[in-house]
Every structure is written in C-alpha cells, then in structure tokens.
Amino acid sequence: CHQDPHHGSFPQGCESCHGPGKAHVEGGGDKTKILNPKNMEARAVSEVCTTCHDRGTHALWAGSQHDQRNLSCVTCHSIHSPQGPKQLKAESEMKLCASCHKNITNKQQRFNHMPVREEKMTCSSCHNVHGSSNARLLRVGTTIDESCTSCHTEKRGPYLWEHAPVADSCVTCHDPHGSNNDRMLVAKQPFLCQRCHVHSRHPATVYDNTQATITKSNRIAGRSCVNCHQMIHGSNHPTSGKVFMR
C-alpha cells in the first residue's frame, strides 16, 4: 500500500479515501474494486474528501460556485504527487488559478503595481475558493466594499459626505486584479471621472486645442481631478466636503 506523509493524519490510512480494500486485495489488485478519484464523478470525489474537510474554510463547499461547475477537490489538489503547498497540482496558487481564470490572471501582468505578481498576496488573500456566503467567493465581509476595507481601513468611513460610486463598489473605479493605469484605476483621469460627471460645472469634454488656445483653460496642465478633489473616497469636512476637497 502506498504511503506518504499526508496519510499521517488519517487513522485508517488508505481506506479513509479509497474505501475498503479487501475486495481489491483478493482480486489481485483489481483497480475496479477500490475507490479511485480518477474514475469517479466530481460530486462523489468531493463527498469523500468532505467527510473530513468539512469545517473552517471548507464548510461551504457544497453548492459553491466551483462545486456547481462540476469541479472536485482533485481538480486542484493531488494527494500523492503535489507540486506546491497545500497539496496543489501547480507550483503556486496563481499558476493553478491561471489554468482556468486566464482573463483574470492576465491582468496581473499589466504595467501598474500588482501585489499578487510581487508575491505579497495570493488569490486566497481575498477569495475563499472552497465556498463563501459573500459575493464572488470573497473571504471577508458581505460586499466587495467590505472586503476591500478589511485592509484599506482608511477608506472605510462612515463619511459626512459620501461619494456615490465609492459607496456602491470599489470596482466602479478600481480593477483589483491589475491595470495599466495609476492606482489600478479602470481608466485614466480625467476620463475616469468624466464617465459620470458629464456637463456639470467643469467642462466634460476632452482637453483639446480649444481648451489650450481659445478658452485658455487653467485645467490644461495637471489636469487630474484629484489634484483639487483629494478626498474622493469621502469627506467629513463641513463645508468643502460636499465637493470632496480638504
């Protein structure tokens, strides 16, 4: 019977996962007489694993997004021949997740600062891949905002003056998986702000020759909106706060 260090936590050894081995032995090693995850349906494999791994971060696996998509524990984990930590089939979480979530992990290679690419965070820093009661398998909070502010506490509030898109969701302006723009913004400023602020007070048109030569706008240089509206995430100032200035 194959032995490896992982089996040390199982009081019944191989039979904990592969089922009773009597018929397997008496049949001269007949593989059809024993449970083999490679030949089992995904739901059946997960039922075997969750007989032990049914608490903590694994408690909500049944009915989770990955379970619904017919993935099983052995889709990501290998008990006998792991390549990375936590019995992963890949060298790291990022490489493993990239095997399916290519559109997301490709963003991590974009130009701007990205903690996951720099190995300061992993996918599981924000997501519980085994199941969660929150949106998008988030590990903390019940909304995207609550997940983000669990680390970015200075953006939590509450504020006297709230900025609507910020109160709605951080991903309205930021792409948490990576961006080519400053501060992982989904678009460059001032175009990011102009997606909502159209024809209100400041001109919402693109800064072109008209602004430079005809109107001689003083906003042609240093034209980022947050140069003046620094408190864009919310403000408690009694007078300037309504326009998110200090």
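This is a predicted model: local features need pLDDT of at least 70, side-chain atom pairs count only at pLDDT 80 or more; totals for chains, interfaces and linings use all residues.

Trainee: Okay. Where does Ser72 sit?
Mentor: In the loop between helix 4 (65-68) and helix 5 (73-76).

Trainee: Is Ser72 buried or exposed?
Mentor: Buried. Its relative accessible area is 7%, and the cut-off for buried is under 20%.

Trainee: Which residues does Ser72 touch, leaving out those up to four places away in sequence?
Mentor: Ser72 touches Ala42, Val45, Ser46 and Trp61.

Trainee: Now Ser132. Which loop is Ser132 in?
Mentor: Ser132 is in the loop between helix 7 (102-105) and helix 8 (144-149).

Trainee: And why does Ser132 count as buried?
Mentor: Because its relative accessible area is 18%, and buried means under 20%.

Trainee: What does the side chain of Ser132 reach at 3.0 Å?
Mentor: The backbone nitrogen of Asn134. There is also a backbone oxygen to note: that of Leu138 lies 2.6 Å from a polar atom of the Ser132 side chain.

Trainee: Which residues does Ser132 touch, not counting those up to four places away in sequence?
Mentor: Leu60, Leu137 and Leu138.

Trainee: Switching topic. How much space lies in the second largest pocket?
Mentor: About 170 Å³.

Trainee: Which residues line the second largest pocket?
Mentor: Ser92, Glu93, Met94, Val116, Arg117, Glu119, Met121, Thr122 and Cys123. That lining divides into 4 nonpolar, 2 polar and 3 charged residues.

Trainee: Last topic, charges. How many salt bridges does the count come to?
Mentor: The count comes to 7 salt bridges. Side chains of opposite charge can pair when their charged atoms come close.

Trainee: Which side chain meets Lys155 in a salt bridge?
Mentor: That of Glu154, at 2.9 Å, N to O. Lys155 is partly exposed at 31% relative accessible area. Glu154 is partly exposed too, at 49%.

Trainee: What about Asp54 and Arg55?
Mentor: Their side chains form a salt bridge at 3.9 Å, N to O. Asp54 is partly exposed at 38% relative accessibility, whereas Arg55 is exposed at 69%.

Trainee: And which residue pairs with Asp182?
Mentor: Arg183, through a salt bridge of 3.9 Å, N to O. Asp182 counts as exposed at 53% relative accessibility. Arg183 counts as exposed at 63%.

Note on methods: Residues are numbered from 1 along each chain as its sequence is written. Side-chain values use heavy atoms; hydrogens and water are left out. Helices (H or I, at least four residues) and strands (E, at least two) are DSSP runs, numbered from the N terminus. Buried means under 20% relative accessible area, exposed over 50%, partly exposed in between (1.4 Å probe, protein chains only). Contact means heavy atoms within 4.5 Å. On a 1 Å grid over the protein atoms alone, a cavity is a set of points where a 1.4 Å probe fits but cannot get out, and a pocket is an open set with protein on both sides within 12 Å along at least five of seven lines; lining residues have an atom within 4 Å of a point. Grid points are joined across faces, edges and corners, and a volume is the space filled by probe spheres set on the points. Ala, Val, Leu, Ile, Met, Phe, Trp, Tyr, Cys and Pro count as nonpolar, Asp, Glu, Lys and Arg as charged, and the others, Gly among them, as polar. A polar contact is a pair of N or O atoms within 3.5 Å; within protein, one must be able to donate a hydrogen and the other to accept it, and residues adjacent in sequence count only if both atoms are side-chain atoms. A salt bridge is a side-chain nitrogen of Lys or Arg within 4 Å of a carboxyl oxygen of Asp or Glu.
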